[in-house]
Amino acid sequence: MFAEILVAALLVISGVFALVGSYGLIKLPDLMTRLHAPTKASTLGVGGALIASMLHAIVWRNEVSWHELLITLFLFLTAPITANFIAKAHMADKLKSGDLPPTGTDRDWATLDLSEEPVQPVMTPPGQPGRPS
Amino acid sequence: MLRKFLPHPGLSALLILTWLLLVNDFKWGSLVFAAILSVAIPLLTAPYWPDRPMVKNWLAAAEFMLIVIYDIVKSNITVALIVLFKPKSQIQPLWVTVPLDLRTPEAITVLAGTITMTPGTVTADMSADGRALLVHCLDATDADAIRDDIKSRYETRLMRIFE
């Protein structure tokens, strides 16, 4: 009984957050602010549903289900990267250096920097093409 | 020799664990397949990821994860309240420059991801010399307070974990 109430409450909470995240897409004025609604509000939306699902598996089927943990992990890995790529695409398309605060360093923001110098810190060495040795 | 076949031991262990969790049930056959994957994938991706991520302090890493999970829950509620109750005309977006003390690519990536997942902020870009992050705030007026908050709450902890 207690577990039923808990699962139901989690599902309702997650539904509310998912709804608010979608409503944010309509309400907020421009792309950069719209980016905030789905990256944040939906994290808890999905998270609540996943915890409810794990709890349901433990209580009613007497087994531990691990898929939910993986979904959480993949979500946390992909959400910031997606947001970052959308923001960078928006910067490259619509914004100029004047619209943004100064970097406070010698070079401009990476998306707007058109010089031939490589972006630091360098992660991938130039290397040889072809099969890895 | 071992270094050649297992360029990323941590990644290999994570791949085995991920595969077993995907199967959702322990079978010896899936363990063998997980072992094959855990050797093949790091070998194929090694040219793109020459260094190893250096986690020097696992206790600090665990503390950091707990803090981030707490902040994610808090940020969900904050953003939901802004979306629901704040009139459109009163929402004030703001760009903030956060100078970086972190130098390793892995640490900067974790910091950028953390900023995106936490209260009202999204990481948009990094300066081309890797010494500053561009952060967008949903609703804020004080850029300095946000910068100091990010630096003291997340960056000092990441310094202890990675550097």
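**View 1. D125(B) stands opposite L134(B), a residue of β3(B).** The model is predicted: local features need pLDDT of at least 70, side-chain atom pairs count only at pLDDT 80 or more, and totals for chains, interfaces and linings use all residues. Residues are numbered from 1 along each chain as its sequence is written, while chains are lettered from A and ligands numbered from 1 in the order in which they are written. Strand β3 of chain B covers residues 132-137 and runs antiparallel to β2(B), with five bridges joining the two. Strands (E, at least two residues) and helices (H or I, at least four) are DSSP runs, numbered from the N terminus; two strands pair if DSSP finds at least two bridges between them. β2(B) and β3(B) form a hairpin with five residues between them, and G130(B) in the turn has a positive phi of about 70°. Six of the six residues of β2(B) are buried, that is, 20 or more other C-beta atoms, placed from the backbone, lie within 10 Å of their own.

**View 2. Three strands of chain B form an open sheet in the order β1-β3-β2, with antiparallel pairing.** β1 (94-99) and β2 (121-126) of chain B are the edge strands, each pairing on one side only. On average, neighbouring strands of this sheet are turned by 30° against each other, direction ignored. Helix α4 of chain A (residues 67-94) packs on the sheet, where this helix touches β2 and β3 of chain B and makes about 60° with the direction of β2(B). Axes are lines fitted to C-alpha atoms, for helices over the stretch in contact, and angles run from 0 to 180 degrees between N-to-C directions. Contact requires C-beta atoms, placed from the backbone, within 7 Å. Helix α6 of chain B (residues 143-162) lies across β1, β2 and β3 of chain B and runs at about 40° to β1(B).

**View 3. The elements of chain B run α-α-α-α-β-α-β-β-α from the N terminus on.** The radius of gyration of chain B, taken over C-alpha atoms, is 20 Å. This is well over the 15 Å that the globule rule (2.2 Å times the number of residues to the power 0.38) gives for 163 residues, so chain B is more spread out than a compact globule. Its C-alpha trace spans about 60 × 35 × 25 Å along the principal axes. An automatic or database assignment gives domain 1 (2-48) and domain 2 (58-162) in chain B. The centres of these domains, taken over C-alpha atoms, are separated by 32 Å.

**View 4. UniProt lists residues 58-85 of chain B as "transmembrane region" in an unreviewed entry.** This span is 100% helix and 0% strand, with its end C-alpha atoms 40 Å apart. For chain A, UniProt (unreviewed entry) lists residues 6-26, 38-60 and 66-87 under "transmembrane region". UniProt positions are given in the numbering used here, feature names are shortened, and annotations may be inferred rather than shown by experiment. Residues 6-26 of chain A are 100% helix and 0% strand, and the end C-alpha atoms lie 31 Å apart. Residues 66-87 of chain A are 95% helix and 0% strand, with 33 Å between the end C-alpha atoms.

How values were computed. Contact = placed C-beta atoms within 7 Å. Buried ≥ 20, exposed ≤ 12 C-beta atoms within 10 Å, placed from the backbone.
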